[in-house]
Amino acid sequence: TRFISGRTPTTNAEAFERALVVTPGGVNSPVRAFRSVGGTPVFLASGHGPYVVDVEGTEYVDLVGQWGPALLGHAHPDVIAAAHEAVARGLGFGASSTGEVELAELVLDRLTLGEGASERRGIEKLRLVSTGTEATMTAIRLARGATGRPLLVKFAGHYHGHSDSLLSEAGSGIATLGIPGSAGITPETAAQTIVIPYNDEDALAEVFALHGDRIAAIITEAAAANMGVVPPKPGFNRLLGETARAHGALLIVDEVMTGFRSTAAGWWGLEEAAGSGYDADLTTFGKIIGGGLPLAGLGGRAEILDLLAPLGPVYQAGTLSGNPVAVATGAAMLRGAGPEVYDRLPRTARTIADGLSAALSAEGVAHTVAWAGSQFSIFFRPDAPQNYAEAQDQHTWRFGAYFHAMLEHGVSLPPSVYEAWFVSAAHDDAAIERVLAAAGPAAKAAAAA
Ligand code: PMP
């Protein structure tokens, strides 16, 4: 009874106070802490459509969207129904189940475009895991196993989860906290990751000129969205593929954020349609693929995926991998995200972003809206950054005031200037109106900061 009060917290302050006693920083993922914006994090009790509700009963229009999975909004009836049906059959078996096959088929179907001679496949096989971190961690092990080489090239400001090799100059929480990486990673491991600036052809050429025969893979976010939104320059992803191939290295494209969001076929599909298609050897998925439950995936060329155990020498496994409830919610999410969803998302995002931008301009706040498909974020600098150094070169101090004014007016933003904003297909006119009503006061607060 020392810790157990038997009473569920009813205010955000009480919840946070108690959380601080039992959990480091009061949170189970640092991006949820209000470290850079200050104040007490809200503890959410429920979500429905475009809204989330905290333990005090306050409702917010949500522009976090579970950091990506809530493509159809919160508690979508079809997704919830799929979860209920699956739960009733048991929570998991640690044995194969048919839902895993069906989910992989849905994904492969989306990642296959065109027909006959012009057919293009983004991936040929898929292994399911539980988190994006696992997907990228396995991808780099597979790349090293396939090539027999040690080195990894990543871009500054890109985030690929929290495995040892991938935290150097990472985005997301590492950027928010303003730290270069993580303690607890051996210098030997850190030295095997070479970090170069994003969208920089010269740096890419140079790193391959110096280390080309020791590089196992380049890993890149399909379109960077963990330092704010910074899309690849046109043709940059293709250049990455060509450069890797020319040197016998692999290209790993991380679609944990963009997958099934930018288009039905993710960022890959967007570039295919734009005529700037690229060939990734491995592609990682997360977030939307699980419909909100812990599920992620690693796809790629069959020849490489088949190097995984039990067929090949690269080991990877998981008690919870392909969990039947998670594959059911993921499949329901993918089945529910038809063409009308992909048509609606960019229009909703545009309406919201235009309104926010107009309000900021009216207050004379220097800013820009950066885009990657339907994803956007606001930078407090006049032009869109192309890399991490530029993303950091903004009036970051304005964001805390902006964030809290938004929250006071019923809009929940990611609590960091370095995160993308998420809209869902459930953001209807009423939700959009509420965001736009908050835009003026938030812009005033940003101007006064
Ligand atoms: N890759 C990207 C591009 C991400 O945005 C994230 C998480 N935001 C991850 C990987 C890690 O996924 P997870 O948090 O599920 O481990």
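Me: Which helix gives the largest share of the shell around the ligand?

Reply: Happy to start there! In this predicted model, helix 4 (residues 132-147) supplies three residues of that shell, the largest share.

Me: What makes a residue count as near the ligand, and which ones come nearest?

Reply: The cut-off is a C-beta atom within 6 Å of the molecule. There are 16 residues around the ligand, and Thr 131, Gly 132, Thr 133, Gly 161 and Val 256 come nearest.

Me: How do the residues of that shell divide into nonpolar, polar and charged?

Reply: Nine are polar, five are nonpolar and two are charged.

Me: Let's turn to the strands. Why is strand 7 called largely enclosed?

Reply: A residue is buried if 20 or more other C-beta atoms lie within 10 Å of its own. In strand 7 (residues 151-155), four of the five residues are buried, so the rest of the structure largely encloses this strand.

Me: How do you know that strand 7 and strand 9 pair?

Reply: Pairing needs at least two bridges. Strand 7 and strand 9 (residues 215-221) have three, in the parallel sense, so they count as paired. One place to look is Val 153, whose bridge partner in strand 9 is Ile 218.

Me: How many bridges join strand 7 and strand 8?

Reply: Four, again in the parallel sense, with strand 8 covering residues 193-196. Here Phe 155 stands opposite Ile 196 of strand 8.

Me: What makes a set of residues a nonpolar core, and how many residues has the largest one?

Reply: Its members are buried nonpolar residues joined through C-beta atoms within 7 Å. The largest such core has 128 residues, and Ala 143, Ala 217, Leu 250 and Ile 252 have the most contacts inside it. Each of domain 1 and domain 2 gives this core at least three residues.

Me: Which residues does Ala 217 touch?

Reply: Leaving out residues up to four places away in sequence, Ala 217 touches Ile 140, Ala 143, Leu 152, Ala 249, Leu 250, Leu 251 and Ile 252.

Notes: Residues numbered from 1 in each chain as written. Predicted model: local features only at pLDDT ≥ 70, side-chain atom pairs only at ≥ 80, totals over all residues. Helix = DSSP H or I, 4+ residues; strand = E, 2+ residues; numbered from the N terminus. Nonpolar A, V, L, I, M, F, W, Y, C, P; charged D, E, K, R; others polar. Buried ≥ 20, exposed ≤ 12 C-beta atoms within 10 Å, placed from the backbone. Domains from an automatic or database assignment. Contact = placed C-beta atoms within 7 Å.
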